[in-house]
Structure formats: C-alpha cells, structure tokens
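The following note sets out comments on the model shown below.

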Amino acid sequence: MATKDQPKPLMPHATATWLVDNTALSFEQIAEFCGLHILEVQAMADDLASSKYTGRDPVHAGELTQAEIEKGQADPSHVLKMHKAPVEVTRTKGPRYTPVSKRQDKPDGIAWIIRNHPEVSDAQISKLIGTTRNTITAIRERSHWNIANIQPKDPVTLGLCSQRELDAMVAKAAKRAGVTGEALPEKGERNDREKLIEELRAEREAQAKAANEAAQEAEAEAWLAARRAAEAAEQPIDPESGFAPSRSDD
C-alpha cells in the first residue's frame with residue numbers, strides 16, 4: 001500500500017488525463033495517484049471537465065513505470081506507487097516573475113511607489129515589481145501610453161510584492177537618502193493597510209474555494225443525473241463509470 005503522504009505528480013490533472021486515455025486503470029486508482037477527486041477523473045473521461053488538459057506521460061517523466069501500470073491494470077485494488085518524486089521547483093536569481101493576470105496592475109503599483117516614496121530609486125522599483133526602467137521613467141514623466149488610466153495603488157494590495165519586501169526597500173532608500181524615521185509611515189497606518197490586505201486576501205481565497213466547491217457539486221450532480229436517467233430508462237449501468245453504455249444505431 002502506498003502511504004497517504006506519497007508525493008503527487010508534478011502536473012496531476014495532465015497526468016490523470018494521460019492515464020485515462022492510455023491505460024485501463026480504474027478511476028479510483030488514477031484519482032488516488034494524482035491526488036484528485038474521483039469525480040474529476042470521471043469528468044475527464046466523459047469530456048465533462050470545465051478545463052481541457054493536454055496529457056502528460058508519467059512514464060516518460062519517471063514518475064511511474066510501465067510495470068507498475070500493468071500491475072495496477074491486473075489488480076484494481078492495487079495502489080500505484082510513485083517511482084520517482086518530481087523535483088521541487090525553487091526560485092532562482094533573476095527578474096521577478098509576475099503572473100499574466102497581474103501584469104496589467106504593474107503600472108498602478110509603480111505609480112503608487114513614485115507618489116508615496118520618491119526617495120526609492122528606479123533600480124529598486126524595477127527589482128521589486130519586476131519591470132523595466134523605461135516603463136518606470138515613462139510613468140514618472142507621464143509619457144506612458146496608458147497614463148490616463150493609471151491609478152496609483154499599493155503594490156502589496158495588488159499582490160505584486162509582500163509587505164516585508166516593500167518595507168525593506170523603503171527603509172533602505174530612506175537610509176540612503178538620510179530620511180528620519182518620522183518621515184516613514186506610522187505604525188498605525190501600516191497596521192490598517194495590513195488589515196486591508198488580509199481582508200482582501202481572505203476574500204479572494206473564499207471566492208476561489210466557493211468556485212471549486214461549486215465545480216465539484218456540478219460534476220457530482222451531472223454524474224448522478226446521468227445515472228438516474230439510465231436507471232429510469234432501465235438501461236444496464238457500467239459499474240466502472242456509473243453511466244449507461246451509449247447505443248449505436250443499427
């Protein structure tokens with residue numbers, strides 16, 4: 001038996017898609033190996049999943065062996081064992097990576113730093129936000145192509161950096177410029193901002209959790225509806241999938 005804390009594939013959904021398409025493993029075996037709900041695997045097999053994934057071969061990736069797959073196919077109760085755990089990806093030195101969904105927020109974060117912390121250098125902003133000096137100069141000189149729509153917003157609230165990183169950058173710039181502690185934000189102001197950030201983060205997490213639960217409920221309802229429809233039509237039920245086999249025209 002594989003332990004519950006067994007590592008999961010690097011790309012669980014893509015791996016599950018490949019196993020569904022290329023093996024005779026049960027949905028339960030695939031779901032347990034990939035760390036997914038069995039209904040997610042069922043939805044992939046029936047093309048009901050909201051997202052389509054390109055299959056990823058776990059044998060080629062070294063996460064499974066062909067012998068292990070064959071053992072699982074021969075014994076539906078066999079729990080697949082990870083052959084080689086995926087290497088954990090760690091951040092290397094270089095420009096900060098910003099998700100595509102947040103890149104449009106960069107100009108707003110840059111404008112906020114320029115307005116509230118003029119002592120911070122362009123090089124510091126570039127490193128913190130992950131942008132070019134040309135972009136910073138354009139915003140500073142108000143020659144940016146989208147300057148009319150740029151609204152200064154706290155980069156921490158936007159998710160472009162952490163509060164610790166921002167405070168460290170401001171403190172370093174203030175020290176270089178000879179600014180005293182009186183010119184820095186009051187502790188109460190920082191606490192209020194941190195509370196706002198926590199509230200926004202909690203709201204985003206709650207929305208993501210609700211969306212995930214709704215998707216799982218929708219998949220479960222679709223599965224149950226198909227099963228009930230098949231029972232109503234008195235069609236035989238495939239014990240593996242829970243769905244009635246499709247009828248072909250004579």
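**Note on the helical packing**

1. In helix H3, the residues Leu-39, Glu-40, Val-41, Gln-42, Ala-43 and Met-44 are buried, where buried means under 20% relative accessible area, exposed over 50% and partly exposed in between (1.4 Å probe, protein chains only). Since 6 of the 8 residues of H3 are buried, this helix is largely enclosed by the rest of the structure. H3 is followed by Asp-47, whose phi is positive, near 60°.

2. This is a predicted model, in which local features need pLDDT of at least 70 and side-chain atom pairs count only at pLDDT 80 or more, while totals for chains, interfaces and linings use all residues. Residues are numbered from 1 along each chain as its sequence is written, and side-chain values use heavy atoms, with hydrogens and water left out.

3. The mean pLDDT of the protein is 79, and 77% of the residues score at least 70; pLDDT is the predictor's confidence in each residue, from 0 to 100. Confidence is lowest in helix H5 (residues 100-103), with a mean of 58. The highest value belongs to helix H4 (residues 66-74), at 93.

4. The secondary structure comprises 10 helices and 0 strands. Helices (H or I, at least four residues) and strands (E, at least two) are DSSP runs, numbered from the N terminus. From the N terminus on, the elements run α-α-α-α-α-α-α-α-α-α. Of the 250 residues of the protein, 34% count as buried. Among the contacts with a separation of 6 or more, 61% are accounted for by residues 24 or more positions apart; contact means heavy atoms within 4.5 Å.

5. Two packed helices are described by the angle between their axes and the distance between the axes. Axes here are lines fitted to C-alpha atoms, for helices over the stretch in contact, and angles run from 0 to 180 degrees between N-to-C directions. Helix H1 (residues 12-22) and H2 pack at an angle of about 155°, with their axes 9 Å apart. That makes H1 roughly antiparallel to H2, given that angles under 35 degrees count as roughly parallel, over 145 as roughly antiparallel, 65 to 115 as roughly perpendicular and the rest as oblique. The contact is made by Pro-12, Thr-15, Ala-16, Leu-19 and Val-20 of H1 and by Ile-30, Phe-33 and Cys-34 of H2. These residues divide into 7 nonpolar, 1 polar and no charged. In this classification, Ala, Val, Leu, Ile, Met, Phe, Trp, Tyr, Cys and Pro count as nonpolar, Asp, Glu, Lys and Arg as charged, and the others, Gly among them, as polar.

6. How do H2 and H3 pack, and at what angle? Helix H2 (residues 27-34) and helix H3 (residues 38-45) pack at about 120°, and their axes are 8 Å apart. That makes H2 oblique to H3. On the H2 side the contact involves Phe-27, Glu-28, Ile-30 and Ala-31, and on the H3 side Ile-38, Val-41, Gln-42 and Ala-45. By class, the contact of H2 with H3 holds 6 nonpolar, 1 polar and 1 charged residues. Ile-30 is named in the contact of H2 with H1 and also in the contact with H3.

7. The axes of H6 and helix H8 (residues 133-140) come within 10 Å and cross at roughly 60°. Pro-107, Ile-110, Ala-111 and Ile-114 in H6 meet Thr-135, Ile-136, Ile-139 and Arg-140 in H8. The contact of H6 with H8 has 6 nonpolar, 1 polar and 1 charged residues.

8. Asp-105 is found in the loop between H5 and helix H6 (106-116). Is this residue buried or exposed? Asp-105 is buried, with a relative accessible area of 19%. Leaving aside its neighbours within four places in sequence, Asp-105 is in contact with Leu-158 and Leu-160.

9. Arg-142 lies in the loop between H8 and H9. Its phi is near 60°, a positive value in a residue other than glycine. Most residues other than glycine have a negative phi. Arg-142 is exposed, with a relative accessible area of 61%.

10. Lys-175 is found in helix H9 (residues 163-177) and is exposed, with a relative accessible area of 74%. Lys-175 and Glu-119 are 56 residues apart in sequence and 9.6 Å apart in space, C-alpha to C-alpha.
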